[in-house]
Each structure stands twice: as C-alpha cells, then as structure tokens.
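Hello,

Here is the structure I promised to pass on. Please have it open while you read; my notes follow below.

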Amino acid sequence: MVPPIVLVATTVCVPPVVLRVAHARGSRGLLSAIALLVCLYNALFPALLLSDSTTSTNKAIVLLLYTWLANFKSIGLCLQRGPLCSCVNIWQYILIYNLPMIPVLDDNKGRRTNARQHESLSDHPRGLVVGLVGKVVALLVVTVILCRIDGLYTDYYNDLPLYMQCVCEICDCIGLYAFISIIMQAGSVVLQCLPATTSMRVAVDFDKPWESTSLTDFWSRRWNLNTGYSLRYLVYDVIVEQSLVKRQKTPAGEAPPRMRRMIAMMAAFAVSGMMHEMFLVYLRYSLSSHGMWMAFFTIQGPCILLFDYHCLKGYGARMHPSIKRVATLTILFGLAHVLFFPDIVRMGIPREVHDNVSQVFRLLLPNSTVYRYHT
C-alpha cells in the first residue's frame, strides 16, 4: 500500500514536471502519450487516495483539481491550448497544474467579448483578501442558518413546505458560491506570497453572479470562470475553429458562423453536465443520479438561445437591468430546484457537506452550540 503522503507528492510534482520536459522537447507524439498517462492517473488517483471515510468536501476538491481541471489542462497542452501553454518555467507549471487558476492572457490574444482571461484578479491584493474574508463569513452564516432549520436534510425534508425548501436551496446556492470561490481564490493568495511567481498575474474567477443580466452573462462572465475557461479552450474553441490544434494565426475580421457558435456552446454545456455527473459517481460510487445534473447543464444551451437571443434582444432592450437580473436568477433557480437539488438531497450530500463545514468552524468556536442540527 502506497503511503498517502507519497501519493500526494507524486501527484503534485511528477505530472507537471514530465509535461514540461515533453513540451520543451517539441515532440507532439511524446507529449500526447504522456498527457494520456497523466489523465489516466488522475482518473484513478481519487480511487487510490480517497476512501469511504473521506468527507464529500475533500472528495469534491480533489475531483475538481485533478480529475477535471488538471486533465483538461494536460489535454489542452497537447493541442497548444489552455493555461499551461503560457507557463515560462517549471514553478509556474507546477502551480498552474495543481491550483484552480489561470494566468492572464495577452491582451492581443485574449478574446474580449465573453471570456475575461485578460482581466487580472491579483492586481488588487487588498480587495482579494477582503473578498475572501467576506465569503468565509457568508459560508459561516448560511451554515448556521441551515443547521437551525428543523428537519433539514433528514427523511422529512420532502415534507417541508415548498417555501422552506426554497429557503434551504437559496442558502445552498450562497454556500456553494462561497465555498467554490474560496477554493478558486486560494491560488491567487498563494501567488501573492511567492516572490518567484510575482510576474504571473491571475485572471478573474468569480464576479458578483447575482448581478447577471442574462444567462450568457452568468455563465460566461461571472460564475466559476476557471472551470468555464477549461470548457472554452477544449470544447468551444475546437468546434468554432474546426481544428483540434490551436491555429497560430486567425484571419483578421473573419467571424465564425452563428450556427457553429451555437453548436459549440451546446457541446460545452453537455461536457460540463457529463463532468458533473462523474462527480456524483465518484462521491457515491454508484450510478444513482438519474442524469439530473446532466440535464441541468445541458438544458442551459437551449435556455440561452430562447431567453438571451430572443427574449432579451427583443423585449429586453427596453427592460431595466434590475428586471433582467431577477428574470435571470429566477430561471436559474427554477431549473436548479427541479434538476440540481433533488438528487443530491436524496443522496445526503448537502447534509454531509454542512457537517464538514461545521466541523471546521467548531475548531474556531469550540463552545458554540449554533451548529447543532434540530431534527
């Protein structure tokens, strides 16, 4: 049995170093073979390191960092796409490979419409720290609220009134936003403390998703942009450019057909749905999710076509931005209530995650009783 510390050290250091060496040699065949081995290892790594006793929170973090993001970065490197292509030294390779962050793209190369990889998050360290503290406080508040609701995530959850279920789900949405953004911004905080990497600026990851005025605004410019960027360079751009390997030069003024962009968007959401379904398989080691998460993300494409391209561009031109925000969040929450939450509540994942977060806060407030569930 391999000791966990050896397994973790191997996972953190060996793949980015080997990828860096293969990339420097310029052999695409060797690089592709190594990337394939890295992806297979990352697919097996959670099963080797994680056990039934591992918390769902730790499982989710490992799956996000390696089974999704690190694998996509490795495949993107083979196709001359993604954040690893912009790394200039081995330390940047290791950091970008392991942490959920992407470097700022060159202004002359970055797409300045929907993607925001040209905008730096690390230019304002004080705002970064304040935002991180605010998200920790938000996570603390929603954890306390959820812990004080009678019957929350027990066998009686489905018997709660609809309005109480919605309150729980809204708190879950806030907690999910705070939890994921804390993980994403941790990499930026690390970079602020490492002088050897001060030349690498980190792009925006989250930006006030509650101010979204359309579904496109939410998914492309405000919510979990690091993960969205992985889908952009490995799915969307491949279809739009009609080329697996990134083209070095794009003809000036040549815009891709609208139909091709729509197909690429649909494919990106479908891949996102498949990756989220894989998360549930790893979390519970079973195929019992009924494909609800796959449906939630896949349906976002048609909703964007209907809501953004038809409603907002027609009647929406005369709408006040506040009305657009309410309409956007209502659509997202309605879909989440029907497709996102039922399966994970049935599997007991939210209750387990809340218990994990509560244990962390109990270390800070050991004498507090606000984290005891009322059942």
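**Helix α4 and the overall fold**

Q92, Y93, I94, L95, I96, Y97 and N98 are the buried residues of α4. Buried means under 20% relative accessible area, exposed over 50%, and partly exposed in between (1.4 Å probe, protein chains only). Helix α4 spans residues 90-98 and is mostly covered, with seven of its nine residues buried.

A word on the source. This is a predicted model, in which local features need pLDDT of at least 70, side-chain atom pairs count only at pLDDT 80 or more, and totals for chains, interfaces and linings use all residues. Residues are numbered from 1 along each chain as its sequence is written, and side-chain values use heavy atoms, with hydrogens and water left out.

The protein chain has 13 helices and zero strands. Helices (H or I, at least four residues) and strands (E, at least two) are DSSP runs, numbered from the N terminus. Of the chain's 375 residues, 47% count as buried. Contact means heavy atoms within 4.5 Å. Take contacts between residues at least 6 apart in sequence: 75% of them join residues at least 24 apart.

**Confidence**

pLDDT is the predictor's confidence in each residue, from 0 to 100. Its mean over the protein chain is 77, and 74% of the residues reach 70 or more.

**Cores and W219**

A nonpolar core is a set of buried Ala, Val, Leu, Ile, Met, Phe, Trp, Tyr and Cys residues joined through side-chain atoms within 4.5 Å. The largest one has 60 residues, and F72, W219, F296 and F340 have the most contacts inside it. Helix α9 (residues 258-284) gives the most to this core: 11 residues. Another core lies apart from it, with 21 residues, including L7, A22, Y66 and L84. In soluble globular proteins, nonpolar side chains tend to be buried together.

W219 sits in helix α7 (residues 215-221). Is W219 buried or exposed? W219 counts as buried because its relative accessible area is 16%. Beyond its neighbours within four places in sequence, W219 contacts L225, F269, F296, F297, Q300, I304 and L332. W219 and Q300 are 81 residues apart along the chain, yet their C-alpha atoms are separated by 9.3 Å.

**The cavity**

A cavity is a set of points on a 1 Å grid over the protein atoms alone, where a 1.4 Å probe fits but cannot get out; lining residues have an atom within 4 Å of a point. Points are joined across faces, edges and corners, and volume is the space filled by probe spheres set on them. The count is one cavity of 30 Å³ or more. The largest cavity has a volume of about 50 Å³. L69, K73, P83, L99, P100, M101, I102, N226, Y229, S230 and Y233 line it. Helices α3 (56-78) and α8 (225-241) each supply at least two lining residues. The largest share, four residues, comes from α8.

S243 lies in the loop between α8 and α9. S243 is buried, with a relative accessible area of 18%. Leaving aside neighbours within four places in sequence, S243 contacts R81 and V238.

Best wishes

Methods:
On a 1 Å grid over the protein atoms alone, a cavity is a set of points where a 1.4 Å probe fits but cannot get out, and a pocket is an open set with protein on both sides within 12 Å along at least five of seven lines; lining residues have an atom within 4 Å of a point.
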